[in-house]
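Keep the structure open while reading.

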Amino acid sequence: MTLIKILPDWFLPESQATSESVYLNRRRFMKKAVLGSLSIMGLLAGCQTLEEKKAIVKQKLLDDLLKAITTSRNLAFTLDRPITDEYSAAVYTNFYEFSSDKDVWEKVGRFQPHPWTVEVSGLVANPQKFAIEDLIAKMPIEERLYRHRCVEAWAMAVPWTGFPLKRLIELVEPKANATHVKFTTFFRPEQARRQILQSEPWPYTEGLTIKEAMNELAFMAVGIYGHELPKQHGAPIRLVLPWKYGYKSIKSIVNIEFSDRQPATFWNMRIPEEYDFLANVNPNIPHPRWSQASEKMLGTGDRYATQIYNGYASYVSNLY
């Protein structure tokens, strides 16, 4: 007598079973898809708890594979307030190439900060073009605690990692007739959607006098909170000028040019009556839309009276 085994409908032979590696990759994919959906839908709907939002941002930072940067802190630069928590700094940023709102961290996914080169040109004896890794290797990397003040009256206290701008300037040897330094960011409309707008003077540019650029405070940041810069903070390299309003600290720099004249700058070209070339923090000069008398800290909401030159007068008052 021959036994006929009738298999159930759900039976699947082993040869057709999904391999463990494929299964695990699919699980990882689904996890990222869920996080992405929560990020886009949940945050905009305001239906998540703060801890859930922090978890999404933390995962986003992990997904970007930001390398840790180990260096010593320069103790000459101290704060009069607590360091802003990384979450608050990560989710509330200005980066006009990607968004006119503060949701930049959600809109930088296409941006590719590696590979990256920085060209130094113009009135210098030693013009150079650096791969970002080579530039970092040549510079004395350190961490500095700086206050950061936006013209919109919000502020943060940040542990930046980088090097003094004057060390790069010394390397390229400006000529005697160089009076100003112009900084230019990338132009990639396919990666930064707002650069499609032809009404804006892209690429973003900023500028300093040569004396400002040589000041001890002027800092080129390549990291924050002990790791590489996230995209929303200006990866892989940005300028940090703690005595000036934040729009002066240009992000994602590709060119530094020395010249004998004051350069045109992005915001000064767009709205000169609101954004001057110097952009020095001054509580006594109100912006047409915001009082500059006080500032509100990200994360805590603490209010501080705004200080002239953002509290760095001992370093820079001799420049003006």
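## Nonpolar core

The largest nonpolar core has 69 residues. Such a core is a set of buried Ala, Val, Leu, Ile, Met, Phe, Trp, Tyr and Cys residues joined through side-chain atoms within 4.5 Å. Buried means under 20% relative accessible area, exposed means over 50%, and partly exposed lies in between (1.4 Å probe, protein chains only). Leu165, Ile237, Ile256 and Phe258 have the most contacts inside this core. Leu165 is in contact (heavy atoms within 4.5 Å) with Phe183, Leu208, Ala213, Ala218, Phe219, Met220 and Leu239, leaving aside neighbours within four places in sequence. Another core, of six residues, lies apart from it; Ile56, Tyr87, Ala90 and Trp105 are among its members. In soluble globular proteins, nonpolar side chains tend to be buried together.

## Model and overall figures

This is a predicted model: local features need pLDDT of at least 70, side-chain atom pairs count only at pLDDT 80 or more, and totals for chains, interfaces and linings use all residues. Residues are numbered from 1 along each chain as its sequence is written, and side-chain values use heavy atoms, with hydrogens and water left out.

The chain has 320 residues, and 47% of them are buried. Its secondary structure comes to eight helices and twelve strands. These are DSSP runs numbered from the N terminus: helices are H or I with at least four residues, strands are E with at least two. Of the contacts between residues at least 6 apart in sequence, 72% join residues at least 24 apart. The accessible surface is about 16700 Å² (Shrake-Rupley method, 1.4 Å probe; for residues, only the protein chains shown count as cover). Carbon and sulfur atoms hold 55% of that surface.

## Salt bridges

The chain has 15 salt bridges. The rule asks for a side-chain nitrogen of Lys or Arg within 4 Å of a carboxyl oxygen of Asp or Glu. Glu295 and Arg81 form one of them, at 2.5 Å from N to O. Glu295 lies in strand β11 (residues 294-297) and Arg81 in the loop between α2 (50-63) and α3 (86-91), so the pair ties together parts 214 residues apart in sequence. Both Glu295 and Arg81 are buried.

Glu200 pairs with Arg194, with the closest N and O atoms 3.7 Å apart. Glu200 counts as buried because its relative accessibility is 10%. Arg194, at 13%, counts as buried too. Shared partners join Asp80, Arg81, Arg147, Arg149 and Glu295 into one salt-bridge network. Lys107 and Asp103 also meet in a salt bridge, at 3.0 Å from N to O. Lys107 is partly exposed at 27% relative accessibility, while Asp103 is buried at 18%.

## Strand β1 and its partners

Strands pair if DSSP finds at least two bridges between them. Strand β1 (residues 117-122) runs antiparallel to β2 (residues 128-131), with four bridges between them. Val118 has Phe130 as its bridge partner in β2. A hairpin of five residues joins β1 to β2.

Four bridges also join β1 to β10 (residues 253-259), and these strands run parallel. Here Ser121 has Glu257 as its bridge partner.

## Thr84

Where does Thr84 sit, and is Thr84 buried or exposed? Thr84 is in the loop between α2 and α3. Thr84 counts as buried, because its relative accessibility is 4%. Not counting residues up to four places away in sequence, Thr84 touches Ala89, Met156, Ala157, Tyr225, Met297 and Leu298. A polar atom of the Thr84 side chain lies 2.9 Å from the backbone nitrogen of Ala157.

Methods
Polar contact = N/O pair within 3.5 Å; in protein donor to acceptor, adjacent residues only side chain to side chain.
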